[in-house]
Amino acid sequence: QVNLVESGGGLVQPGGSLRLSCAASGFTLDYYAIGWFRQAPGKEREGVSCITSSGGNTYYADSVKGRFTISRDNAKNTVYLQMNSLEPEDTAVYYCAADGSGIAHAQTMCIMYPNIDYWGQGTQVTVSS
């Protein structure tokens, strides 16, 4: 069975940090671009950060640039999103997604997500004092 499972969400105070993990089962992430997306209540889904299969190209939304870092550990079949200096505006359900089309530009995946093969079920991140 093919699955993407997110973990690491929770409640954190403004200025705090969380690390989200996206673990794949039933397939290997080596050949997939991976993206992190989020959706807050009443808002559209937003591409937060994406990384190509090689790891050589990454994209960050302007709202998270300099605060979030995406990385991948293919040996562990896992992609991470390190989130620092969290703000209340970061509160959302965070989803990871996998694109096996060989997409070359992470920005395309995050903005247009034209070829998503798998979505995770999401993990809640709440930033509040």
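Two strands pair if DSSP finds at least two bridges between them; strands (E, at least two residues) and helices (H or I, at least four) are DSSP runs, numbered from the N terminus. This is a predicted model, where local features need pLDDT of at least 70, side-chain atom pairs count only at pLDDT 80 or more, and totals for chains, interfaces and linings use all residues. Residues are numbered from 1 along each chain as its sequence is written, and side-chain values use heavy atoms, with hydrogens and water left out.

**Close-up A. Strand S9 and its partners**

S9 (residues 92-99) pairs with S4, S11 and S10. With S4, the strand runs antiparallel and is joined by 7 bridges; look for Trp 36, whose bridge partner in S9 is Cys 96. S11 (residues 123-127) is also antiparallel to S9, through 3 bridges, and here Ala 92 has Val 125 as its bridge partner. S10 joins in too, antiparallel over 2 bridges, with Ala 98 standing opposite Tyr 118. S9 is largely enclosed by the rest of the structure, because 7 of its 8 residues are buried (buried is under 20% relative accessible area, exposed is over 50% and partly exposed is in between, with a 1.4 Å probe and protein chains only).

**Close-up B. The largest nonpolar core**

This core has 39 residues, and a nonpolar core here is a set of buried Ala, Val, Leu, Ile, Met, Phe, Trp, Tyr and Cys residues joined through side-chain atoms within 4.5 Å. Leu 4, Trp 36, Phe 68, Val 79, Leu 81, Met 83 and Tyr 94 touch the most other members. S9 brings the largest share, 5 residues.

**Close-up C. Arg 38, a buried arginine**

Arg 38 belongs to strand S4 (residues 33-39), and its relative accessibility is 6%, so it counts as buried. What does its side chain reach by polar contact? There is the side chain of Asp 90, at 2.9 Å, and that of Ser 63, at 3.3 Å. (A polar contact is a pair of N or O atoms within 3.5 Å; within protein, one must be able to donate a hydrogen and the other to accept it, and residues adjacent in sequence count only if both atoms are side-chain atoms.) Beyond four places in sequence, Arg 38 also touches residues including Glu 44, Arg 45, Glu 46, Phe 68, Glu 89 and Tyr 94.

The whole structure holds 6 aromatic pairs. Rings of Phe, Tyr and Trp (its six-membered ring) pair if their centres lie within 6.5 Å; planes under 30 degrees apart are stacked, over 60 edge-to-face and the rest tilted. In the pair of Tyr 32 and Tyr 118, the centres are 6.0 Å apart and the planes stand at 45 degrees, so this one is tilted. Tyr 32 sits in the loop between S3 (18-25) and S4 while Tyr 118 is in S10 (residues 118-119), so the pair ties together parts that are 86 residues apart in sequence. Tyr 32 counts as buried at 16% relative accessibility, whereas Tyr 118, at 27%, counts as partly exposed.

**Close-up E. Thr 91 and some loop residues**

Thr 91 lies in the loop between S8 and S9 and is partly exposed, at 21% relative accessible area. Its side chain reaches the backbone oxygen of Pro 88 at 2.9 Å and the backbone nitrogen of Val 127, also at 2.9 Å. Beyond four places in sequence, its contacts are Ala 40, Gln 124, Val 125, Thr 126 and Val 127. Gly 10 is 81 residues away in sequence but 9.8 Å away in space, C-alpha to C-alpha.

Now for the backbone. Most residues other than glycine have a negative phi. Ser 85, in the loop between S8 (78-83) and S9, has a positive phi of about 50 degrees; Tyr 113, in the loop between H1 (106-112) and S10, has a positive one near 30 degrees. Ser 85 counts as partly exposed at 40% relative accessibility, and Tyr 113 is partly exposed at 29%.

Technical notes. Contact means heavy atoms within 4.5 Å.
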